[in-house]
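Subject: Handover of a structure and notes on it

Dear colleague,

Please find below the structure I am handing over to you. My notes on what was found in it follow directly after.

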Amino acid sequence: MELDAFGPALDRWLDEHAAALAPDRATETLDQHMAQLAKVKRLTYDAGFMRWGWPERVGGLGGSTILRAYLGEALAGRDLVEPGIYSMTETLAPTMIDHARPALAADMVPRLLRGEETWCQGFSEPGTGSNLAALACRAIRGDEGWRVTGEKVWTSLAQYAQRCVLLTRTGAPDSAHGGITALFVDMDSPGITVRPIETMHGAPEFCEVFFDDVDVPFGRTLGQEGQGWSVAMDLLPFERSTALWTKAAYLRRRLQDLVEVAPADALDPAALGAAVQLLAAFRARSRATQYRLATGEHLGPETSIDKVLVASAEQAVYDLVEAGLAPEVLLGDDAGPSRWRSEYLFSRAATIYGGTAEIQRNIIARRLLDLGADR
């Protein structure tokens, strides 16, 4: 199916099923967001829309990845899904398709697309900061599989996840990024402990995850042993392509909501214009990224530009929220923190999560502009 047929068909279907898809806005909790995501994915999968843009070998219907981008934009733009948790599918499913054994990908990916499962991404560790290559979570080779011991932190949605894409140390590094292997781990395996972390925006979206002699079969290795860095580098551009496109659609929706509810004299026209300009700049940049992805082009460090743009746009939008809805953002209401307040607080981390702004600019400087190595 082509976009000119897919888009109108999806829009009609969303209009016709608006009541069934609508979220329960009476409870703005992470549990509610997760339940809503599972419902929307199940309904769109059963209707076929969630399957377009994915390969047939993993239960998809084929077609361009542009169809997936349109679906994410439509769902976030209609405020049907929270874009951060929706983006995990666009980040982790392509990794499984590209690096897992074909039978494993064929079994697992449909579960994620249907909303039957949640997956998490076990990359960051305590004490490593932005140096992902310094990870210490170790996987030791046994007779039938790996035995994993270590700790991960800032693992989004781990308390809900059935699976984890996990980076481990399997050998001494023979280069700056050697000795790392990616695994696909069942989160109900004996020896895994998950401890949610409640952040200042009031939701336990991140977690600490502890692995204490966790057995992982060799068949759950993603890619080749010792080549986990390549898996990670293939994953991150997906995090900064279609996933960010969905995020920006949500930001446009929330900016429109803000203009409708804020007092007319509370929004500085120059700041509003700057936020609109940043969103437009990101959309122009990301549109080119979506079409590069659709043609099969390998995405790389240039997606750091997309990440810097969308993070800047997010903070610009929510700076306007702080100015336009100051009492609500600062105080919340009698029922507790408002949605606006929660989103404003979370936006403060936009230049940190998924790769800090400083690291992204360093990548742009060194790898795209050839300005030289760190000194």
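Where does V153 lie in the chain? V153 is placed in the loop between β3 and β4, the latter strand covering 163-169. Please bear in mind throughout that this is a predicted model.

V153 counts as buried, because its relative accessibility is 9%, and the limit for a buried residue is under 20%. Leaving out neighbours within four places in sequence, V153 is in contact with S124, E125, P126, I197, C207 and E208. R287 is 134 residues from V153 along the chain, and the C-alpha atoms of V153 and R287 are separated by 32 Å.

The chain as a whole

The chain has 375 residues, and buried residues make up 52% of them. Its secondary structure consists of 13 helices and 8 strands. Along the principal axes, the C-alpha atoms fill a box of roughly 65 × 50 × 45 Å.

Among the contacts with a separation of 6 or more, 71% are between residues 24 or more positions apart. The accessible surface comes to about 16,600 Å², and carbon and sulfur atoms account for 53% of that surface. As to charge, there are 37 positive and 51 negative side chains. The centres of these two sets lie 4 Å apart.

Aromatic pairs

How many aromatic pairs does the structure hold? The structure holds 8 aromatic pairs. F6 and F49 are both buried.

A further edge-to-face pair is that of W146 and F218, at 5.4 Å centre to centre and with 85° between the planes. This pair, too, joins distant parts of the chain. W146 is in strand β3 (residues 145-152) and F218 is in the loop between β7 and β8 (221-222), the two being 72 residues apart. Are W146 and F218 buried or exposed, or partly exposed? W146 is buried, because its relative accessibility is 2%. F218 has a relative accessibility of 21% and therefore counts as partly exposed, the limit for buried being under 20%.

F6 and F49 also belong to one aromatic cluster, together with W13 and Y70.

T295 is found in the loop between α9 (269-294) and α10 (303-324). With a relative accessibility of 63%, T295 counts as exposed, since the limit for that class is over 50%. T295 and I66 are 229 residues apart in sequence, yet their C-alpha atoms are 9.7 Å apart in space.

I305 is situated in helix α10. Its relative accessible area is 26%, so I305 is partly exposed. When residues up to four places away in sequence are not counted, I305 touches R285, I364 and L368. The C-alpha atoms of I305 and R361 are separated by 7.9 Å, and these two residues are 56 residues apart along the chain.

Most residues other than glycine have a negative phi. Which phi does D213 have? D213 has a positive phi of about 55°, although it is not a glycine. D213 is found in strand β7 (residues 206-217). It counts as partly exposed because its relative accessibility is 40%.

D370 likewise has a positive phi of about 55° without being a glycine. Its place is in the segment after α13 (357-368). D370 is exposed, with a relative accessible area of 66%.

With kind regards

Methods
Residues are numbered from 1 along each chain as its sequence is written. This is a predicted model: local features need pLDDT of at least 70, side-chain atom pairs count only at pLDDT 80 or more; totals for chains, interfaces and linings use all residues. Side-chain values use heavy atoms; hydrogens and water are left out. Helices (H or I, at least four residues) and strands (E, at least two) are DSSP runs, numbered from the N terminus. Buried means under 20% relative accessible area, exposed over 50%, partly exposed in between (1.4 Å probe, protein chains only). Contact means heavy atoms within 4.5 Å. Accessible areas come from the Shrake-Rupley method with a 1.4 Å probe; for residues, only the protein chains shown count as cover. Lys and Arg count as positive and Asp and Glu as negative; His and the chain ends are not counted. The place of a charge is taken as NZ of Lys, CZ of Arg, CG of Asp or CD of Glu. Rings of Phe, Tyr and Trp (its six-membered ring) pair if their centres lie within 6.5 Å; planes under 30 degrees apart count as stacked, over 60 as edge-to-face and the rest as tilted.
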